[in-house]
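Work through the exercises below with the model at hand. Try each task before reading its solution.

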Amino acid sequence: MSGTSSTDLYAVADFCLVPMGTAEPSVAEYIAECIRVLEKTGLKFKLHGYGTNLEGPWSEVMKAIHDCHAAVHAKGAPRIATDIRIGTRVDREIAPGTGNESKVQRVEDILNKA
């Protein structure tokens, strides 16, 4: 994990990147370009219908979102609006790559008890 300091917070993020001013109403080609960027980061991510979950060291997560912006602009989108929600915690250790999965699993475990 190059560029990560030992004090970097572990971030569990959800972001929705919206290309604007494109010729087509569909933004799928632009989102695919962002996913290509994320695939090269080594960070854990999951695309969903209205955004992408992404997790890892704070600085790497933010760089990945930056790099998605750069790639989508390079593909021709003149403007991009992105909503980002980020969670961090310091009360317990989060094993890398398990932040989102453990949140979902906890709720599923509760539902399975009912």
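A disulfide is a pair of cysteine sulfur atoms within 2.5 Å. The model is predicted: local features need pLDDT of at least 70, side-chain atom pairs count only at pLDDT 80 or more, and totals for chains, interfaces and linings use all residues. Residues are numbered from 1 along each chain as its sequence is written, and side-chain values use heavy atoms, with hydrogens and water left out.

**Exercise 1.** Find the disulfide and state its handedness.

Solution. Step one: the structure holds 1 disulfide, and it joins C34 to C68 with an S to S distance of 2.2 Å. Step two: locate the partners. C34 is in helix 1 (residues 28-39) and C68 in helix 2, 34 residues apart, so the pair links distant parts of the chain (helices are DSSP runs of H or I, at least four residues, numbered from the N terminus). Step three: the torsion about the S-S bond is about 80°, so the disulfide is right-handed. Step four: both C34 and C68 are buried.

**Exercise 2.** Classify M62 as buried, partly exposed or exposed.

Solution. Step one: M62 is found in helix 2. Step two: its relative accessible area is 31%, so M62 is partly exposed.

Methods:
Helix = DSSP H or I, 4+ residues; strand = E, 2+ residues; numbered from the N terminus. Buried < 20%, exposed > 50% of the residue type's maximum accessible area, 1.4 Å probe, protein only.
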